[in-house]
Amino acid sequence: MRILTGITPSGTLHLGNYFGAMRPAIELQAGGDAFYFIADYHSMISITDPEARRRYTLGIALDWLACGLDPAKAVFWRQSDIPEVCELMWLLGTLTPMGLLERAHSYKDKLAKGIAPNFGLFAYPALMAADILLFDTNIVPVGKDQKQHLEMTRDIAIKFNHTYGETFVVPEERIAEEVAVIPGLDGQKMSKSYGNTIELFGDEKALRKKIMGIVMDSRTPAEPKPDADKNLAIQLLKHVAPKDVAADYENRLRAGGLGYGDLKKALFEHYWNYFSAARTRRAELAADLGYVEKVLSDGAHRARATADQVLVRARKACGLR
Ligand code: ADP
Ligand code: TRP
């Protein structure tokens, strides 16, 4: 069973990325056939500063390795080290209906926000389909917001197989329901593009300030809060604290007597401890960039073995030499 997922280097990774995508992916690497890549071509849709792209790409490589991606178990590479994915996007693009792309939430949302769309944004689901199909992927672990892109990938694969004969493995999504959407500091989905994130790594003081700055309602500490389960800090605490500890805070908030300041303080402490081992490992990796580069180039080499085969298969199927 080949498992594959990608993460776009368009900012600093946050708790949503970690619980929605990274942790499930890292758990799956034990199966031994995991393919994970840094989607630097995708980052071009939102970032046009080359230096920022390099910085985010390296940052994400460090994040994944620090959080437990094991290069002995998983193949880990930079998307642009295998540019053939762009050729496959073309083969797929010629079978991708405009209507399908026009229905993409990612495209419609950006339009609604007044962002001037370009070809890259519009074609994004076709590049994502190429990412997945180029590696004979069976399972794609992603957050809920990527569900539609996976459906599109399946549609495109089925259409190609129908048009040119059996060529691609039709993949399936894997969405961890309980962590389907991690809320951000403002209660909306946590996302780099909403400026409401809690980063995995960063300056302690700044992160403490962010968490202590979460806006809550004006009820006094003593008041019982029957809606304690809806409280943002409780929801986040459930991910970073042991189950019984989070349940205890929830009960105390519900009963009355727990102030929001104390709750936020607890959230910060648990969050900070949760990533403490990874933080140390990340600092070690950052001091050994030669190793990180070697992991990525070895990964590209290993991933290419499959990519080459699949691309030849696809080219043959559609009558290219
Ligand atoms: P962002 O919304 O911050 O730009 P990405 O779109 O780069 O994040 O998402 C990278 C991965 O993390 C995807 O698999 C996505 O589904 C997952 N993800 C992002 N935000 C969340 C969230 N708030 N909750 C759960 N998963 C998320
Ligand atoms: N589009 C995904 C995101 O923004 C990242 C991504 C690119 C991806 N290619 C992929 C995820 C292929 C899974 C499979 O989160």
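Trainee: How do the residues of the shell around ligand 2 divide into nonpolar, polar and charged?

Mentor: Eight are nonpolar, five polar and one charged. The classes work like this: Ala, Val, Leu, Ile, Met, Phe, Trp, Tyr, Cys and Pro count as nonpolar, Asp, Glu, Lys and Arg as charged, and the others, Gly among them, as polar. Before we go on: this is a predicted model, where local features need pLDDT of at least 70, side-chain atom pairs count only at pLDDT 80 or more, and totals for chains, interfaces and linings use all residues. Residues are numbered from 1 along each chain as its sequence is written, chains are lettered from A and ligands numbered from 1 in the order in which they are written, and side-chain values use heavy atoms, with hydrogens and water left out.

Trainee: Fine. How many residues surround ligand 2, and which are the closest?

Mentor: There are 14 around ligand 2. The closest are Gly6, Tyr124, Met128, Asp131 and Gln146. A residue is near a molecule if one of its heavy atoms lies within 4 Å of it.

Trainee: What does Tyr124 do with its polar side-chain atom?

Mentor: That atom lies 2.7 Å from a nitrogen atom of ligand 2. The side chain of Gln146 has an N or O atom 3.3 Å from an oxygen atom of ligand 2. Thr8 puts a polar side-chain atom 3.5 Å from an oxygen atom of the ligand. For contacts to a ligand, the cut-off is a pair of N or O atoms within 3.5 Å.

Trainee: How much of ligand 2 does the protein bury?

Mentor: Alone, ligand 2 exposes 360 Å², and the protein buries 87% of that. Areas come from the Shrake-Rupley method with a 1.4 Å probe.

Trainee: Which element gives the largest share of that shell?

Mentor: H7, with four residues. Helices (H or I, at least four residues) and strands (E, at least two) are DSSP runs, numbered from the N terminus.

Trainee: Switching to ligand 1. Which residues are the closest?

Mentor: His14, Asp145, Ile182, Ser191 and Lys192, out of 18 that surround ligand 1. An N or O atom in the side chain of His14 is 2.7 Å from an oxygen atom of the ligand. Lys192 uses a polar backbone atom, also with an oxygen of ligand 1, at 2.7 Å. Asn17 has a polar side-chain atom 3.2 Å from a ligand 1 oxygen.

Trainee: Which helix gives the largest share of the shell around ligand 1?

Mentor: Helix H1 (residues 15-28), with four residues.

Trainee: And where does ligand 1 sit?

Mentor: Ligand 1 sits in the largest pocket. Ligand 2 sits in the largest pocket too. To sit there, more than half of a molecule's atoms must lie within 2 Å of the grid points.

Trainee: How much space lies in the largest pocket, and how many residues line it?

Mentor: About 1,300 Å³, with 49 lining residues. H7 gives the most to the lining, five residues. On a 1 Å grid over the protein atoms alone, a pocket is an open set with protein on both sides within 12 Å along at least five of seven lines, a cavity is a set of points where a 1.4 Å probe fits but cannot get out, and lining residues have an atom within 4 Å of a point.

Trainee: Which residues line the largest cavity?

Mentor: Phe37, Trp77, Gln79, Ile82, Val85, Asp131 and Phe135. About 40 Å³ of space lies in that cavity.

Conventions
Polar contact = N/O pair within 3.5 Å; in protein donor to acceptor, adjacent residues only side chain to side chain. Points joined across faces, edges and corners; volume = space filled by probe spheres on them.
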